[in-house]
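Student: I would like to learn how to read a protein model feature by feature. Could you give me the general idea each time, and then the case at hand?

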Amino acid sequence: MGADDDRRERDQAEAGPGGVTPEQAAMLGQGAEGHFAVPYLLFSALIDGPLRVPRLAAVLRELAARHPALRTSFELDERGGWRRRVGERWTPPLRESTVAAAGADRVAAAQAVLAAAGPRCLGGRPVGFFLMSDPSGSAHVLSLLAHPALLDVWSVGMLWRELVGRYGGAVLDYPPDAGPDAVVARWVALEEAGRIEELAHEQARRLAGAPDVVEFRPGEPVEEAGRPAHDLNAARLAFRLSPDAVAACGDLSDALAISRDAVLAGAWALVLARRCGADDLLLEVAVTGRSPHPQVVGQCGGTIPVRCRPDGASGAAEYLRRMADLLAEAERCSDVTSARLGGLPRTDGDRSRPRLPFAFEAHDGLVPERLSAGGLTFEIVEGESGGSPWDAKLSVRRWGPDNRVVLEYSPAVLGPEEAAWLAEGVEAALLDLAARRDRPLAEVSTVSAGQKRLLDAWGRGAAVRAESTLWGLISRRAALGGHEPAVWTDGEELTYAELVERAEGLAGRLHAAGVGRGDHVLIDLPRGTAEIVGVLATVRLGAVYVGVDRHAPPAQCRDLVRRLAPRALLVSGTHPAAMRPHVGAECAVVDATVPVPGGGVRLPEPLGDPESPVYVSFTSGSTGRPKGVRVPQRGIVRLVAETDYVRGGPGERFLRLSPLAFDASTLEIFAPLTSGACLHVFTPESVIPGALARFVARQDITVLWLTAGLFRLVAEHYPAAFAGVRQVLTGGDVVPVEQVRALVAHHPGLRVTNGYGPTESTTFTTVHHVDSLADIAEPLPIGRPIQGTEVLVADGDGTVLPPGATGELWIGGQGLALDYLGDEAATGAAFVRIGGRMMYRTGDLVRWDELGRLRFLGRRDRQVKIAGHRVEPVAVERVLREHPAVADVVVVVDDSPGFGKRLLAGVVASEVSEEELREFAGQRLARYAVPTAWAFVEAVPLTRNGKVDVAALRAGR
């Protein structure tokens, strides 16, 4: 053996694992376990004319003799590496079948068989030819099926041209095919010269700081998104861009002097960025790698990571020109593909797919669509076969009026509707980029006209009569059924007529004390009949009631009085009043427990202005000084009048439980009293789950509202309390799915409603009903808007995002608050006009799912950076709840001095250690998302409003 032979053998042994290129090793490795994990190349030709099968077989033998790739097989060596083996005389067999294909599309029939059978058709070889003929012999379909480690699309085009030319007897003066050895040898030479390392360092500099993970569903773990580990199955959506979109692409290419591929890649990257809520993402772009090997039949290409930053402030034209520069740079660096850089492994612990989930390629023109020779016409069609490592890859197969674009995606990450939304987004992006190329990129929409109609239907609740007022609704109900029970408290029952009479009597006393329209009335009363009468009396005068937190510290009480300047304070003669020491002489103190019949004082006409304020609710103040949310009449009317989301009417018994200072009290008080139901008041100040469960069962409550935390406790420990309940509404936090599932399974006919809504939108904005196990999804959706409500999912600039995209929830409609009391700056920041409509920015991250339901993903301001990575505590909570020993969990940020910012998990669990939970979480979450501080508690601490008491959790660590 000579020196050249020694070098050739060493090149083959050292170039990648076992004599293959890094790209080939990656592709072979994906299918090593025998599953159909990689996208096989499948091309078929419909042959028109009298085919001479022996001649075709001879041509295939000539092709195999000329191209070593067609005689190549792959095998694992003793070290577990891949090695090529080139047979001297082996020829890919021509496998023939004769069948009458059903339908007119014989190519589709042939490709369906091959796509399903995949590698089994090849008998262990990486390439094969298949001929399906009609029994009459008048129609034939010739198909080429090959493993992508063997051939690239460039090679497929060369093979078809040569096959047809040789069949027709053409004299082909092709240079010798050096085969895969040339590709391998060049890789070794570049590596030995240090060129690969140099380009790799250059690529690393360009990608420094790029996000490790960009997900279609940020805030949801991969397991929650439904993708099992190592799932490389693929679905494909073939679609055609409209003539207008094709023309827009061409216009942009001509006007900006960039390639058509740059325009398409830019549109695709913009669609992905909007869908994922990202302003920085990596896109794998296919490169041919053909400059040194134009005539080699083999695998020469690969993909290069391109960093895309669709900055909304930059111009659309500038963005596309930057994309053109990135593609040119990628082709220049085609010797350092992702596979040759070691696959760029992800750092989030998920090994079920590559680090970069998105890709783009355009190989139109590489394979001819039509060839003729020897009296035959070959119409060549590309098919689909095999799996895919990508979450989503856009592939341009054919261009022009009859274009063909294929979206290849993981069906475990995207549903078919979501894939179609992405395809629509590409069309919309091309049209709007052309129309707004001189405008900021933020103004370019990726939402199609069809999607806009869909979003409008999903995001708009039914209309509600705006002219109604609360007192008008209640007095009308009393007139219709004055003898019916309205309020029950500790054995005392008031009818509607009696309730209205008492409310008007107290209204007379307040009016005599100087209370008029728009004045603030503090209600410092325990739950009971007097509290309900006090609220209605205030409403009757057109004044504004304010529930008092009876446990608020003195400083907060004084601040509240300064801001409200109340004209009256309603108290109970038998209960201490927290506010009495803080009000001045200008504030009348009235004992609301002393019944006064109506008619003693002439009252002003009831207020008829739906825009007038009726209630002020102070936010929790967890992010600073509590803000006073001024709620108008129309807000509560829209919440309770003629509703279809909450049960009401005579015979229903509604629980009264929430503190009056908590906005859920508006639902509890006014939903039953405007519909004819009876309000049953739970009077103990401390809400103990067992006592509450007994009250619900004893009073035969049919409708109740519980915060998510309280719902979890009652449903877990006292499920029998719901035996007579017809509807339980819950929310205010993440609703536990397991308890919902158990209740619905054991209590047929019970409806569980997940209600979402900030105070600024008057209690409820959206609801999702669970009537059967089929309605349960994890996490539980927050549903669609209730009547008189409009919602948008938009970015920070108010740009409406496409269906499926993660964005901030913006709320509009009749439920919107008027403002924050005395705080113009905060009001201006939160209440913003979009398209002439006033909308409230919630700060909550949501997305529309494929069934048109909103999914809550967490708070924008609760997202934290841990070790430089974005973490959503809600997602961590969902993972920890999967552990069988964990009954409940909450994850918060702990920034105690000396520790830096870290995640603290408060866990309710039995017979499980911190180490076991750490290991459990570490198998499902990125390392940085695993909590480093743990607190084991008997129950998650709750505030008086039923929300998680974060301060108590930290203190109990």
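Student: Is Glu 379 buried, partly exposed or exposed?
Tutor: The general idea is relative accessible area, where buried means under 20%, exposed over 50% and partly exposed in between (1.4 Å probe, protein chains only). At 36% relative accessibility, Glu 379 therefore counts as partly exposed. Please keep in mind that this is a predicted model, in which local features need pLDDT of at least 70 and side-chain atom pairs count only at pLDDT 80 or more, while totals for chains, interfaces and linings use all residues. Residues are numbered from 1 along each chain as its sequence is written, and side-chain values use heavy atoms, with hydrogens and water left out.

Student: With which residue does Glu 379 form a salt bridge?
Tutor: A salt bridge is a side-chain nitrogen of Lys or Arg within 4 Å of a carboxyl oxygen of Asp or Glu. Here Glu 379 is joined to Arg 370, with 2.8 Å between the closest N and O atoms. The structure holds 51 salt bridges, and Arg 236, Glu 382, Glu 384, Arg 397, Arg 404 and Glu 408 are linked in a network of them.

Student: Which parts does the salt bridge between Arg 240 and Asp 402 tie together?
Tutor: The side chains of Arg 240 and Asp 402 meet at 2.8 Å, N to O. Because Arg 240 lies in the loop between strand 7 (235–239) and helix 8 (243–256), and Asp 402 in the loop between strand 13 (392–398) and strand 14 (404–409), the pair ties together parts that are 162 residues apart in sequence. Helices (H or I, at least four residues) and strands (E, at least two) are DSSP runs, numbered from the N terminus. Arg 240 is exposed at 54% relative accessibility, whereas Asp 402 is partly exposed at 40%.

Student: In what order do the six strands of the open sheet lie?
Tutor: Strands of a sheet pair through backbone hydrogen bonds, either parallel or antiparallel, and two strands count as paired if DSSP finds at least two bridges between them. In this open sheet the order is 4-5-6-1-12-11, with mixed pairing. Strand 4 (94–98) and strand 11 (370–373) stand at the edges with a single partner strand each, so one side of each is left without a neighbour in the sheet. Strand 4 pairs with strand 5 (residues 127–133) in the parallel sense over five bridges, and Thr 98 stands opposite Ser 133 in strand 5.

Student: Which residues of helix 12 are buried, and where do they lie?
Tutor: In helix 12 (residues 449–458), the buried residues are Gln 451, Leu 455 and Trp 458. Seen down the helix axis, they fall within an arc of 65 degrees, so they line one face of helix 12; the arc is that of the directions from the helix axis to the C-beta atoms. On the other side of helix 12, Ala 449, Arg 453 and Ala 457 are exposed. The cover over the buried residues of helix 12 includes helix 11 (416–435), strand 29 (784–785) and strand 34 (837–848), where contact means heavy atoms within 4.5 Å.

Student: Which aromatic cluster includes Trp 458?
Tutor: Rings of Phe, Tyr and Trp (its six-membered ring) pair if their centres lie within 6.5 Å, with planes under 30 degrees apart counted as stacked, over 60 as edge-to-face and the rest as tilted. Trp 458 forms one aromatic cluster with Trp 421 and Trp 848.
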